[in-house]
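Student: I am new to this model. Please take one part of it and look closely at the aromatic rings there.

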Amino acid sequence: MVDVDEVWSEMGAKLEHMLMSFSEGEVEGTQLDRAEWMRMYTDVYNICVEPEPEHAEQLYERFRTLVDEHLEKQRAAIAENRDHELVKCYCLRFEAFVSASKYIRKITEYMHRFWIPQQINDNPDDTDVMALDELVLRRWDELVLQQVDSLLPVVLAMINESRQGDAVDWKMLAGAIKSFVTIGAKTEVDKPAELYVKVFEAKFLKKTREFYKKASHQFLGQNSVPDYMRKVEAWLKEEEERADLHLHKETKPKVESECIKVLIDDQSEPMVAEFVGLVSDDKRDDLTTLYKLLNRSKDGLRTVGKKLEGAAAPS
């Protein structure tokens, strides 16, 4: 008979050390060597095949407790930071946690292949038992992501800083955003983007509307309509590139729609009013830009048509 307490006294200490070493960036020399890996794998196997089922349950709970205690420390370490450093710390510690968790997944391979599926099959209403690679991300969501309230406001503020031309670390920023997708892909298999949408996308689109509503009014108040049209082209291109490089693929059409509404639809009146003057002055480049922008608007070209009819009508 395997003594769970005895096995865990060594296994738990090694895994805790490995998790902490990864989180502090001290990876070299902390990975399990083949002998340690085989010993731990064998211990997990022996406990799972024992006739006493409570021993495997006890071991599973030890893994859960190990993860929870580690994540409480990660939350505290992340929450100590402010502004850009908060996002950087969150991103680095999330990536380190995911990497270290893969070692736990390897030594519990037998538990994943046989014991966990059996538990889920025998107790379908029991949501406490799940694959450990799902468990670690679900607990990160519950104990870290949902608890560090300042993370998302900083992420959104950094995106607006980038829109204003300030330098931001997009590698870290994109890593934080990607974590929402990674967590959802494991914890919500049927709707993998749901957590990303709930945590990030909805608020991102709201902030996008607010940013460009203010920016468009300010720019039009200080510049000509042709200058505004060229600025809108640049804004739209920046948002498309940002979405392609850093956001979930489903976000791009949504952010494009928001930008078109705020930058073109809501400002179509001054652009259409400029049309006749551009024709009279033979401003072909500006007319081309105007056409491209209004062609992306729901009623822009129709409004231009009416404007042209009015200009051509006999007085």
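Tutor: Start in helix α2, residues 34-48, where W37 and Y41 sit four residues apart, so about one helical turn separates them. Helices here are DSSP runs of H or I with at least four residues, strands are runs of E with at least two, and both are numbered from the N terminus.

A word on the source. This is a predicted model, in which local features need pLDDT of at least 70 and side-chain atom pairs count only at pLDDT 80 or more, while totals for chains, interfaces and linings use all residues. Residues are numbered from 1 along each chain as its sequence is written, and side-chain values use heavy atoms, leaving out hydrogens and water.

Now the rings. A pair of aromatic rings is described by the distance of the centres and the angle of the planes. Rings of Phe, Tyr and Trp (its six-membered ring) pair if their centres lie within 6.5 Å; planes under 30 degrees apart are stacked, over 60 edge-to-face, and the rest tilted. The structure holds 18 such aromatic pairs. For W37 and Y41, the centres are 5.3 Å apart and the planes stand at 20 degrees, so this pair is stacked. W37 is partly exposed, at a relative accessible area of 23%. Buried means under 20% relative accessible area, exposed means over 50%, and partly exposed lies in between (1.4 Å probe, protein chains only).

Y228 and W235 are both buried. They also belong to one aromatic cluster, together with F211, Y212 and F219.

D68 lies in helix α3, residues 53-79. Its relative accessibility is 17%, so D68 counts as buried. Leaving aside residues up to four places away in sequence, D68 touches R139 and L143. Contact means heavy atoms within 4.5 Å.

Step back to the whole protein chain. It has 15 helices and zero strands. Its radius of gyration is 28 Å, well over the 20 Å that the globule rule gives for 315 residues, so the chain is more spread out than a compact globule. That radius is taken over C-alpha atoms, and the rule is 2.2 Å times the number of residues to the power 0.38. Along the principal axes, the C-alpha atoms fill a box of roughly 100 × 40 × 30 Å. Buried residues make up 45% of the 315.
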